[in-house]
Amino acid sequence: MYFAQTRVDFNAPLYISMFNSLMEGRGDSYRSEIDSVLVEAKKVYNGEKEIYSISNDYFNLVSLLVSKGESLFADFNESEIKSSDYQGVLNVLADSQTTVSDES
Amino acid sequence: MNHKTFELNLTQLEESFSKSKSNKYSNPRKKKHFDQLRELFEKIKVENHSEFTKEDLEDHFQIFQFLFNGLEFLDDSTLNATPYEIVTGLERALSDWIPQETFIIVTSLSNKINHFSFEGNNAEKNNQLRKIIKDRYDYEIEHRLIKINLPKVLVRDYLTCVVLYHELGHFIDLELNVSAKLFQNKFGKPHILMFTKEEFRYYAHAGEYFADLFAAQYIEDSSSIYLNYVAHNHSASNTHPATFDRIQKVLQFINQDSDPLIEEIQHVLQQSGVSQLALRYETIDPETSGFTNLIPHKVENVNQLHAVYKLGWETWMKSDDNFLSRFERRERYHIVNNLIEKSISNFNVQEIWAKNI
Amino acid sequence: MDHKGLLTKGDLKTLIESGDLVIEPLLQDSQIGEISIDLRIGTDFLTSQLGRDPYLDTSMDGEQKPPLKSFFNETRRNIGESFLFHPSQVVLFSTLEYIKLPKNVIAILSTRSSYSRLGLSTSTIIQPGYCGCISVEVNYSGNTPIKVVTGARLVQARFYRLEGETEYFNGPRKYICQVRPIASKANEDKDLAVLDRIARDNFE
């Protein structure tokens, strides 16, 4: 907006829905893509990849996950992504929602 | 949210489609987008809604918002309603930054005089919605809308409509996560986790500065003139920097003076592998422009096309002393706007003719 | 010395090259004929429509009266798109070309014969010194709707050089630098006020 604005540019509820689907064994059309995003996030967390190189399609999710990498990626095995990994992401997303709503 | 409110929403959407289906779009991409929204809606309609879970309902609420919002903007984006000439300039600016084929710039007309705004999803939100739609309905929507609101009464006011370049800047900012990356660099955490007033203010101000600078690439300081009128002496708020600071920042950019924020933005853009801010206009001398002879300016290239707005502003601001002085105020207003419109449309027509001859 | 009367191809080209006659955009040189220049139907239209008011009132403009433009609907096309002329519907369109005439040249517009033969006709005179796209009113006398492509060469202008120069902006002008068709401003003629007074004050 030109001289007053509200901007919300992160849709945590949709991610929550997507990860819930993955937890329940659905969301097959995007499972592999989401899994590779988690792998990318871990690489950024470990300093193996630059945050700038992350696709804009997932930039906010990745930067959020990286900021919580300590808890998320300690037991993360990229060759075997488990429900508990998705649950970890869901916890982070739930927390982020609280933060944003505090601000709005 | 429950099944009955969902049904209500579904019915409202059905009504909207019923009204919108008679729209005629000159742009085949708009027509295709409308058709795809309708096809998606038809798929949703035949679902067994009574068995929807809470999560299904929430997903569909978001899909419905996406459909409603798309219809709203498409409705006001027929050739009869949209500020076509200025949108063609925005499309050219867009192509400097993002492959343009995927996007359609659409406008919604507001009854509020200062209601200029960008509205819409960034790449990520769009991606999420698409993933969910694809997963649920095995359906893909080809184009994305870049949605800009503007006051209905100013739809042919080419002086004030320079603000649309600023709004396009907001889209580019969100799409490329420029402010988000600036925030990340400064605070060492994602902007999603911003908590303090200072953090929120930094992120919001960065977005406004970027949008101003984005616009200044094309329209020089034209937007500042109007901003200084509608937001004169405004001090910094949580959402916007002080008007004075915004105007100064634009001047620094136009004069290519060094400035820490501009340098930081350039760094972020460079690291992200996208275009950088640059002066993308070719100033037109008002004294030698066609306007002085009451004819459209013969625009020779795209950089001049963007500069026509600044030419219009200069012509208007000096209209007590220049060739316009012999006309009444309202005539001057129409002359300037008409000459801007025709300068743009002549360039567009000649270009499309040359491509197709 | 420049000759008076109808200008021919050579005269027209000389005037265009010198910038005295402006026709922009002139998409093809072939638009310049031996004694006229073809002009294209533009992308903006006004079409007459029926509304709540029972008739068009060309008497003096007043706050209580609907403006004449309220009897018209504004519509746009992209170049290359089609526009339908309906029988008995008043249509105004702007020429694609923006024109500026020299102070001593008058232009007379008529429909090109290819379109006249279909029943489309127009009658417009452009005064010396005029600048703007030309609002062309088209009368369609056929009985079947007719589709015309915007950008098509629909009208032709003949140009006549006059003995002396005129100053277009000497008097008040209702149409300046127009780029879209403008509805009639017949009810804004200043002498209508006099006629109105005559009617009110002299025959009671």
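Helix α12 (residues 302–317) of chain B and helix α13 (residues 329–356) of chain B pack at an angle of about 165 degrees. An angle over 145 degrees counts as roughly antiparallel, so α12(B) and α13(B) are roughly antiparallel to each other. Their axes lie 10 Å apart. In this predicted model, α12(B) passes α13(B) in a right-handed crossing. From α12(B), the residues that meet the partner helix are L305(B), V308(B), Y309(B), G312(B), T315(B) and W316(B). From α13(B) come V336(B), I340(B), S343(B), I344(B) and F347(B). By class, this contact has 8 nonpolar and 3 polar residues, and no charged ones.

Helix α1 (residues 3–20) of chain B packs with helix α3 (residues 54–75) of chain B at an angle of about 20 degrees. Here the cut-off is an angle under 35 degrees, so α1(B) and α3(B) are roughly parallel to each other. The axes of α1(B) and α3(B) are 10 Å apart. The crossing of α1(B) past α3(B) is left-handed. On the α1(B) side, the contact is made by F6(B), N9(B), L13(B), S16(B), F17(B) and S20(B). On the α3(B) side, L57(B), H60(B), F64(B), L67(B), F68(B), L71(B), L74(B) and D75(B) take part. The residues of this contact divide into 9 nonpolar, 4 polar and 1 charged.

Now step back to the domains. Chain B is divided into domain 1 (1–174) and domain 2 (290–356). Taken over C-alpha atoms, the centres of domain 1 of chain B and domain 2 of chain B are separated by 31 Å. The two domains do touch: 9 residues of domain 1 of chain B are in contact with 14 residues of domain 2 of chain B. The side of domain 1 of chain B that touches domain 2 of chain B has 3 nonpolar, 2 polar and 4 charged residues.

Next come the contacts between chains. There are 2 pairs of chains in contact, and chains A and B share the most contacts. In that pair, 42 residues of chain B are in contact with 34 residues of chain A. Several helices of chain B give two or more residues to the side that touches chain A: α3, α5 (123–137), α6 (163–176), α7 (178–187) and α8 (197–219). Of these, α5(B) gives the most, with 10 residues. The side of chain B that touches chain A divides into 17 nonpolar, 15 polar and 10 charged residues.

Chain B also meets chain C. That contact takes 18 residues from chain B and 20 residues from chain C. The side of chain B that touches chain C has 9 nonpolar, 5 polar and 4 charged residues. Chains A and C are not joined by any contact. The closest C-alpha atoms of chain A and chain C lie 29 Å apart.

Confidence comes last. The model scores ipTM 0.92 and pTM 0.93. Chain C averages a pLDDT of 91, and 99% of the residues score at least 70. Among the elements of chain C, helix α3 (residues 191–201) of chain C has the lowest mean pLDDT, at 87. Strand β2 (residues 22–24) of chain C has the highest, at 98.

Technical notes: Residues are numbered from 1 along each chain as its sequence is written. Chains are lettered from A and ligands numbered from 1 in the order in which they are written. This is a predicted model: local features need pLDDT of at least 70, side-chain atom pairs count only at pLDDT 80 or more; totals for chains, interfaces and linings use all residues. Axes are lines fitted to C-alpha atoms, for helices over the stretch in contact, and angles run from 0 to 180 degrees between N-to-C directions. Helices (H or I, at least four residues) and strands (E, at least two) are DSSP runs, numbered from the N terminus. Angles under 35 degrees count as roughly parallel, over 145 as roughly antiparallel, 65 to 115 as roughly perpendicular and the rest as oblique. A crossing is left-handed if the near helix is turned anticlockwise from the far one by less than a right angle, and right-handed if clockwise. Two residues are in contact if their C-beta atoms, placed from the backbone, lie within 7 Å. Ala, Val, Leu, Ile, Met, Phe, Trp, Tyr, Cys and Pro count as nonpolar, Asp, Glu, Lys and Arg as charged, and the others, Gly among them, as polar. Domain bounds come from an automatic or database domain assignment. pLDDT is the predictor's confidence in each residue, from 0 to 100.
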